[in-house]
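Morning, everyone. I have one structure to go through today, so please have a look at the screen first.

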Amino acid sequence: MADQFGSGAPGWGRGGSRHQQQRGSGEFRNRYEGQSYQNSTGGYQPPSQQGTYAEQQTARVEDTMKAHYEAEGTAAAVMSQLTTQRHQLQRAHDDVGDTRMKGEQAKRELDELINKVRRKKRRLQVIIAMLATVDALLFLRIAQCGGSFFCGWH
């Protein structure tokens, strides 16, 4: 059916296509039995082609080549856009990889800092415990000596 449009040799010129012969049946009846250009009294008139057969064929080849070059240009533009998008996606993928690596490195550094803080906290707790013990012993000595730090020297 694609060869009917603009080719100068529509399917109805050869007795109609199978699709056109089945029109008017079933649920598509209203759609196809209306006043279309094919059913109108004037009928479809293909564009008039002037010149000899060779000139007509040359014009068709020229039109085909124009369409071909336009399609190549469009394809090149699409390929260029796809290449640009591929590079953008690759950069985004690389950025995600870099971000993931930096996140893992930051996590390791935070874990190291947490461990350092825990070690310092333990050390301070031990120092506090030792000082509290020494303070308690000194308090007991002062209490035993009746307020004087030096018991035997009175």
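Let me start with one side chain. Lys 120 is exposed, because its relative accessibility is 56% and the cut-off for exposed is over 50%. Keep in mind that this is a predicted model.

Which residues form a nonpolar patch on the surface? They are Leu 124, Ile 127, Ile 128 and Leu 131, and their accessible area together is about 400 Å². Leu 124 also belongs to helix H3. Its relative accessible area is 52%, so Leu 124 counts as exposed too.

H3 covers residues 53–144, which is 92 residues. How far does H3 reach from its first C-alpha to its last? The answer is 133 Å, close to the 136 Å expected at 1.5 Å a residue. Just after H3 comes Gly 146, with a positive phi of about 70°.

Last, the overall picture. The protein has 3 helices and 0 strands, so from the N terminus the order of elements is simply α-α-α. What share of the 154 residues is buried? Buried residues come to 6%, where buried means under 20% relative accessible area.

Conventions
Residues numbered from 1 in each chain as written. Predicted model: local features only at pLDDT ≥ 70, side-chain atom pairs only at ≥ 80, totals over all residues. Heavy atoms only, no water. Helix = DSSP H or I, 4+ residues; strand = E, 2+ residues; numbered from the N terminus. Expected span 1.5 Å × (residues − 1). Patch = residues over 30% accessible without salt bridge, like charges linked within 9 Å, V, L, I, M, F, W, Y side chains within 5 Å. Areas by Shrake-Rupley, 256 points an atom, 1.4 Å probe, with all protein chains shown as cover. Salt bridge = Lys/Arg side-chain N within 4 Å of Asp/Glu carboxyl O. Buried < 20%, exposed > 50% of the residue type's maximum accessible area, 1.4 Å probe, protein only.
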